[in-house]
Amino acid sequence: MPISRRTFAAAAAACVLLPLSACGSGSDDGGSSDASGKVEGDITFQTWNLRANFKDYFDGLIADFEKKYPGTKVRWIDQPAEGYADKISADAAGGTLPDVVNVSPDLVAPLAKAGLALDLDKAAGQYRKEYLDGAWASHQIPGMTGTYAFPWYLNTGPLFYNKSLFKEAGLDPDQPPKTYDELFTDALELAKKSDGKVATLANVPTIEDFGRYGVPLMNSEGTAFAFNDSKGVELLTKYKQLYDAKALDPQALTATPESSGKKFLTGAVAMNPGSALDLGNFKKQAPSLYKNIGITDQITSTGHVNMYVMGVMVNAQSKKKAASVAFAHYVTDAQHQMSFAKKVAIFPSTAGSLDDPYFTDEDGTDETRVRIAAAKSLKNAVNYTPVLFSEQMKTALRNEVAKALQGKESPKEALDNAVKACDTLLQQQG
Amino acid sequence: MSSSTVSRVRRQGPLSPWLFAAPGLLIIGAFILYPFVSTLVNAFTDKRTLIPGEFVGLANFRELLHDDMFWIGLRNSTLYVLGVVPALVILPLLLALLVQKNIPGITFFRSAFYTPVVASIVVVGLIWVWLLDERGLVNSLLETIGVGRIGFLSDQWLLLLSAMAVTVWKGLGYYMIIYLAALANVPRELHEAAAVDGAGAVRRFVTVTVPAVRSTMALVGALSSVAAFKVFSEVYLMAGPSGGPAGEDTTLVMLVQRTGTGLTGRVGYASAISVVVFVVTVALMLLVLRADRRAES
């Protein structure tokens, strides 16, 4: 029977379009929470920019796991830092999310809501006691029950400062600011003495700054943002004073962590947050700065520094849940977190690990001093970033803060608008 | 075609041409038609990255009307067209006239002007950011000659102008090549006749060259206006992911990227912005081509 051109064209179009139409939507099927059964099968494990520096560590870790559980095979995928969330979202939307995924709490939240993150309270609740309570709770989502990732490593960066710039401004280089009030006083002094040529900070306040200043970020139910209260307005008003006095770098409104780090390297900025890894960079790229480097704790007015949390999530749609849960636990257990911590400046989230002499005994080096100080501060650190605070919300806050600093809006108006925008985005997230 | 092939094609009837076209159709269908249709459909839904969403009619478009960031994006994309297109229509033509002559060493200059075209936009963006930084080379020079430092990357308007300058700098060589091809087809006799009539270089340019390459100018105008309206990389690299101070340098395509990507991306809303970008670019093309036809007639 001859086929008409129109029929053939329609069939061809359908052949092309129909298979594709299955893509692009997350499944409503939350998947079973049952991870019992024999630990076996092939699974995929995705990390976040770790292959370049820790290939040997992960190769060894995977080999040990496969040896411990014969019949398992772990395929390791490492994604670059840039666009990591986009890569996960493409995989999640396309149904190709790996079985075990390195995530941060803000990435877990939408995945858990879409039914793609396994509830570990149900599937692996027996491991809960191995982790610090705060770390285990960091992957819980307001409005949902359950915990959606194993806590992995914790981090809390120190604050670096340029002692010679402090000295030139008549400030005591051995007494860096500890609270926001001290920071604002010193920053204004530094800008005044340098005639506006040296700024103290290169970044606008972020949600973590509001948290460390003592501003309530969300209501107690976690259903609406609340950082537009009087304390929040006070913080933004003080930042406006810094901006006007050039104590905040003029390019802070468009700065990224990389660009502000560069400004610190060139001596244009007196203080910058970082990690113990940065010391090596200073030594190599700016030896004169390295000679004058000061290391202090994060600025906080609450007594609690900010803690960044990494987690390892299990895909709720995984066909090999038992192996995936076993591997995610294996990566994050006390022994492996400790050995990973000794390779890089991160801190274990497992109970008791921070009491290891590695985190308590001085050996006279700056690296150890930073490590011990950070480990100490971690014990009562807080993850100030709300898990529901998305990238779009960060942009909304940043833009409103910029309007306040430029004088286009009052700090109160700016924060009201930011909270309104974030609440709208929160509602749209569902 | 051999007679046996012809008879085989005849035997297979109307199916044969489709089989030949099938690979192309598949590629066009999968990578052009499907995303296009999908964008159109999504524009009328509240789809998010991980949630399929439901049909919401014109709600996304209504929301656009009240979205300040959309109007900022539309303003900046329009300003980009107005700032960049005239420069990209005229400057490459003048450049092509300069390098058109076959004199010793001219190949070097042609290559040099073309170099920015082949350079990665990311590298180009980073270099210009370093140059225009508060402590960059340009500001150091300006300070040396007593002008003082200028906030190329911290002022909303200077930032947009700087990005436009980079777009023009990078596009000059590309359009220069198009003009060189057009200029090669301008009859030499016309120039000679005009010269005999006493026309100077400027007059010859206006009365001979410009009319001869007018269609090419329209083509360059159409291509560059579409590219300018869809600008992303230059502004993103120079203004940062937030789109400049308070997002005031955001363009429409940046807004699509910011709104529609990530795990919490609003795919439906971003698709609605994409539809607006599509409609405006088609309108721009038609406008330029219609103006050219009118001038021709």
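View 1. A:Pro151 stands opposite A:Gly311 of strand 8 of chain A. Strand 8 (residues 308-314) and strand 4 of chain A pair in the antiparallel sense over four bridges, where pairing requires that DSSP finds at least two bridges between two strands. Helices (H or I, at least four residues) and strands (E, at least two) are DSSP runs, numbered from the N terminus. This is a predicted model, in which local features need pLDDT of at least 70 and side-chain atom pairs count only at pLDDT 80 or more, while totals for chains, interfaces and linings use all residues. Residues are numbered from 1 along each chain as its sequence is written, chains are lettered from A and ligands numbered from 1 in the order in which they are written, and side-chain values use heavy atoms, with hydrogens and water left out.

**View 2. Strand 4 and strand 9 of chain A.** Strand 4 (residues 150-155) also pairs with strand 9 (residues 347-348) of chain A, in the antiparallel sense and over two bridges. Within this pairing, A:Tyr153 stands opposite A:Pro348. Six of the six residues of strand 4 are buried (under 20% relative accessible area, 1.4 Å probe, protein chains only).

View 3. A:Gln337 lies in helix 15 (residues 334-341) of chain A and counts as buried because its relative accessibility is 1%.

**View 4. Helix 3 of chain A.** The buried residues of helix 3 are A:Tyr84, A:Ile88, A:Ser89, A:Asp91, A:Ala92 and A:Ala93. Their cover includes strand 1 (41-48), strand 2 (72-79), strand 3 (100-103) and helix 4 of chain A. After helix 3 comes A:Gly95, with a positive phi near 75°.

**View 5. The interface of chain A and chain B.** Chain A gives 45 residues to the contact and chain B gives 39 residues. About 3,500 Å² is buried between the chains, 61% of it on carbon and sulfur atoms; buried area is the accessible area (1.4 Å probe) that two parts lose on being put together, summed over both. The rule finds one salt bridge across this interface (a side-chain nitrogen of Lys or Arg within 4 Å of a carboxyl oxygen of Asp or Glu). A:Lys263 and B:Asp133 form a salt bridge, with their closest N and O atoms 3.8 Å apart. Elements giving two or more residues to the chain A side include helix 3 (84-94) and helix 11 (257-265).

Technical notes
Contact means heavy atoms within 4.5 Å. Buried means under 20% relative accessible area, exposed over 50%, partly exposed in between (1.4 Å probe, protein chains only).
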